[in-house]
Amino acid sequence: GESKPLRSLSFLPWHQGRHQEAVDCNEAALLIDYERGDLRAMSHDLTNLAPLLQQLGDFNGALERLEKALELETSEQDAFNRMTILFNMGNVYNKSGDLDRALSYYRDSLKVCLDHHLRINQTLVLCRIASIYWKQERHDECLRLYEEVVQICRTMKYGRGLSNGLTAVGNYLLLLDRPSEALSYFLEGTSVFAELGDFRNEALSWSIAAETSLYKSIRAS
C-alpha cells in the first residue's frame, strides 16, 4: 500500500514545478516495487520518472528508464502502458531535437493505439507527429493529420480534443496566409468551447475569428 500513495504524491510537486521532489517520490516507490518484485508497478514507476528527468534536462536518464520500462512491459502485455512508454520516448527525442527518432517512436506508439483502439491517445500521438511535420516544413502532411484528429474527435464527440484540433488547424492556416480557410475552424471552435463551458477560449476564438474576417475583407478589397 505504500508505493501507490508515493506514486500519486509525486504528481503534486510535479505540477508545482518541484521536479526533484517528484523524482524522489517516484524513486521511493520504485525501490519498494523492486523489493516486492512487482514488474508492472516497476514499469509504471520508470515511465513516470522519465518526463520528470526530461524536465530536469537528463535526457539520457529519461531514456534509460523508458528502455527498462519497455523491457519489463514485454512480460506484462499492457497495451496502454506500452503506448505510453513509446510516446514518452518520442517526447524525449523530440525535446532533444532528434526529430527522425522521435517520429519513429511516435509511429510505434500510434500502431499500438490503432491495434488496440485507443482512440483518444491516437489523437494525442497524431498531434505530436503533425507538430514535427510542421517543424520539417511538411505543411500539407501536418494539416492532413490535424484534419484526421478533428474527424476522430467529431466521431467520438470528444469536445476537448476537437477544440484543440480546430484551434491548431486554424492557427497553422493563418501561418500559411490562408485566412479564408482558417475562419471556419475558429468559428466552429467557438461553438465547441461554449459547449465545454470554456468561456475564456470561446472569447479568444471569437476575437481571432473577427480579426481573420477583417483581414480577409481587407485582402479582398
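Accessible areas come from the Shrake-Rupley method with a 1.4 Å probe, and for residues only the protein chains shown count as cover. This is a predicted model, in which local features need pLDDT of at least 70, side-chain atom pairs count only at pLDDT 80 or more, and totals for chains, interfaces and linings use all residues. Residues are numbered from 1 along each chain as its sequence is written, and side-chain values use heavy atoms, with hydrogens and water left out.

Figure 1. Helices (H or I, at least four residues) and strands (E, at least two) are DSSP runs, numbered from the N terminus. The C-alpha trace spans about 70 × 35 × 35 Å along its principal axes. The accessible surface comes to about 11800 Å², and carbon and sulfur atoms account for 52% of it. Of the 221 residues, 47% are buried (under 20% relative accessible area; exposed means over 50%, and partly exposed in between, with a 1.4 Å probe and protein chains only). Among contacts (heavy atoms within 4.5 Å) between residues at least 6 apart in sequence, 51% join residues at least 24 apart.

**Figure 2. Helix α11 (residues 179-196) packs with helix α12 (residues 199-220).** Two packed helices are described by the angle between their axes and the distance between the axes. The axes of α11 and α12 come within 8 Å and cross at roughly 160°. That makes α11 roughly antiparallel to α12 (angles over 145 degrees; under 35 is roughly parallel, 65 to 115 roughly perpendicular and the rest oblique). Axes are lines fitted to C-alpha atoms, for helices over the stretch in contact, and angles run from 0 to 180 degrees between N-to-C directions. The crossing of α11 and α12 is left-handed, meaning that the near helix is turned anticlockwise from the far one by less than a right angle (clockwise would be right-handed). Residues in the contact include Leu-183, Phe-186 and Phe-193 of α11 and Trp-206, Ile-208 and Tyr-215 of α12. By class, the contact of α11 with α12 has eleven nonpolar, six polar and three charged residues. Here Ala, Val, Leu, Ile, Met, Phe, Trp, Tyr, Cys and Pro count as nonpolar, Asp, Glu, Lys and Arg as charged, and the others, Gly among them, as polar.

**Figure 3. Helix α4 (residues 39-55) packs with helix α6 (residues 79-96).** Their axes are 10 Å apart, at an angle of about 20°. That makes α4 roughly parallel to α6. The crossing of α4 and α6 is left-handed. Among the residues in the contact are Ser-43, His-44 and Thr-47 of α4 and Asn-81, Ile-85 and Asn-88 of α6. By class, this contact has three nonpolar, eight polar and one charged residues.

**Figure 4. Glu-73 is found in helix α5 (residues 59-76).** Glu-73 counts as buried because its relative accessibility is 2%. Leaving aside neighbours within four places in sequence, Glu-73 is in contact with Ser-43, Asp-78, Ala-79, Asn-81, Arg-82 and Ile-85. Ser-104 is found in helix α7 (residues 99-116), and its C-alpha atom is separated from that of Glu-73 by 19 Å. Ser-104, at 36% relative accessibility, counts as partly exposed.

**Figure 5. Glu-137 and Lys-157 lie in loops.** Most residues other than glycine have a negative phi. Glu-137, in the loop between α8 (119-135) and α9 (139-156), has a positive phi near 60°. Its relative accessible area is 64%, so Glu-137 is exposed. Lys-157, in the loop between α9 and α10 (159-175), has a positive phi of about 60°. At 75% relative accessibility, Lys-157 counts as exposed.
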